[in-house]
Amino acid sequence: MKEQLESIRSAALEAVKNAISEKEIEELRVKYLGKKGELTAILKQMGGLSAEERPKMGQLVNEAKQNVENLISKRGQELKLKATELKLKSETIDITMPPKKREVGKLHPLNTVLDDMIDIFQSMGFDVLDGPEVETDHYNFECLNVPADHPARDMQDTFYLGENLLLRTQTSAAQIRTMETRKPPIRIICPGRVFRADEVDATHSPVFHQIEGLVVDKGITMCDLKGVLEQFAHEIYGKDTEVKFRPSFFPFTEPSVEVDVTCSECGGKGCRVCKGSGWIEILGAGMVHPNVLRSCGIDPDVYSGFAFGIGLDRLTTTRYKISDIRLLFENDKRFLNQF
Ligand code: PHE
């Protein structure tokens with residue numbers, strides 16, 4: 001029995017020493033020390049021994065068990081450490097690797113400038129409205145004092161979608177839609193896309209943006225127009241910018257003006273951007289024509305008003321010194337990422 005014990009013990013120790021995984025160690029623990037394990041089984045055979053031999057043998061078996069148990073826990077710990085080391089090694093992060101770039105969306109420069117403009121006009125009490133891009137001839141021309149045979153139609157090359165349907169050439173259609181649904185006092189702006197079949201070049205695009213403004217109330221005069229537009233120009237371009245009102249013509253305003261500001265590129269000295277003049281035109285405006293008020297059911301003897309149409313694209317290209325208007329519509333990320 002002693003020999004049997006000895007051979008089990010040395011086999012167990014050998015096996016534990018050679019084990020290469022924690023799982024294997026666990027299997028050996030069951031095999032030798034478990035309830036049905038080999039060393040446990042030997043204890044059960046002790047019934048056949050004499051009373052004298054029994055305690056001695058018991059002590060030997062217990063020693064052997066202790067022996068095996070110690071080695072199992074030692075080897076187990078070694079293997080555990082080794083496994084952790086391996087895992088750490090395989091999961092190390094190379095902190096010198098360049099990180100994955102996280103791209104953050106940004107506002108398009110047109111939207112940034114538009115947001116600023118909306119802020120300025122809202123602070124002056126204007127509401128912001130929206131209008132359809134596909135318009136009828138009625139709203140885009142007829143009610144704006146431009147009947148079918150009027151030569152002013154040639155001022156804007158129109159994309160027609162049908163006999164009476166077109167892509168709006170100006171946001172001025174919003175004036176009519178507003179006056180049909182609201183009664184004075186009216187103070188609105190209407191930003192949006194407009195379309196003209198122009199030749200495309202660095203300063204012309206078949207699609208561009210305008211912001212229409214309309215104020216109608218009792219006693220509105222040209223002074224109000226000048227005050228509002230001057231205030232607007234100063235907020236956008238800075239207090240030192242000069243603002244010039246030039247007589248002009250629009251069929252739906254009388255009198256009409258075009259508004260220039262000192263060129264922000266050269267400060268008024270004359271450069272490539274302002275074509276040597278020192279001025280940049282930013283908008284058209286005027287006192288709403290009595291015919292237009294009348295066509296919307298507003299009595300021109302009681303009410304008067306002014307309207308303006310600001311070119312958003314020009315404002316954006318001058319603010320950011322963008323040399324070609326087409327860049328605003330191409331959605332080239334290399335360009336857009338600069339803002
Ligand atoms: N609609 C005109 C244009 O597109 C601009 C304008 C708007 C002029 C309102 C006067 C009043 O040129």
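Trainee: Does Glu26 count as buried, partly exposed or exposed, and at what relative accessibility?

Mentor: This is a predicted model, in which local features need pLDDT of at least 70 and side-chain atom pairs count only at pLDDT 80 or more, while totals for chains, interfaces and linings use all residues. Residues are numbered from 1 along each chain as its sequence is written, and side-chain values use heavy atoms, with hydrogens and water left out.

Glu26 counts as partly exposed because its relative accessibility is 41%; buried means under 20% relative accessible area, exposed over 50%, and partly exposed in between, with a 1.4 Å probe and protein chains only. The side chain of Glu26 meets that of Arg29 in a salt bridge, at 3.4 Å from N to O. The term denotes a side-chain nitrogen of Lys or Arg within 4 Å of a carboxyl oxygen of Asp or Glu. In general, side chains of opposite charge can pair when their charged atoms come close. Glu26 and Arg29 are three residues apart in helix 2 (residues 22-33), so about one helical turn separates them. Helices (H or I, at least four residues) and strands (E, at least two) are DSSP runs, numbered from the N terminus. Arg29, at 32% relative accessibility, is likewise partly exposed.

The structure holds 15 salt bridges, and another of them pairs the side chains of Arg319 and Asp116, at 2.6 Å from N to O. This pair links distant parts of the chain: Arg319 belongs to helix 10 (residues 312-319) and Asp116 to helix 5 (residues 109-123), 203 residues apart. Arg319 counts as partly exposed at 32% relative accessibility, and Asp116 is also partly exposed, at 27%.

A further salt bridge involves strands. Arg246 is paired with Asp260, their closest N and O atoms being 2.8 Å apart. Here too distant parts of the chain are linked, with Arg246 in strand 6 (residues 243-250) and Asp260 in strand 7 (residues 253-262), 14 residues apart. Arg246 is partly exposed at 27% relative accessibility, whereas Asp260, at 5%, counts as buried. Through salt bridges that share partners, Arg246, Glu258, Asp260 and Glu281 are joined into one network.
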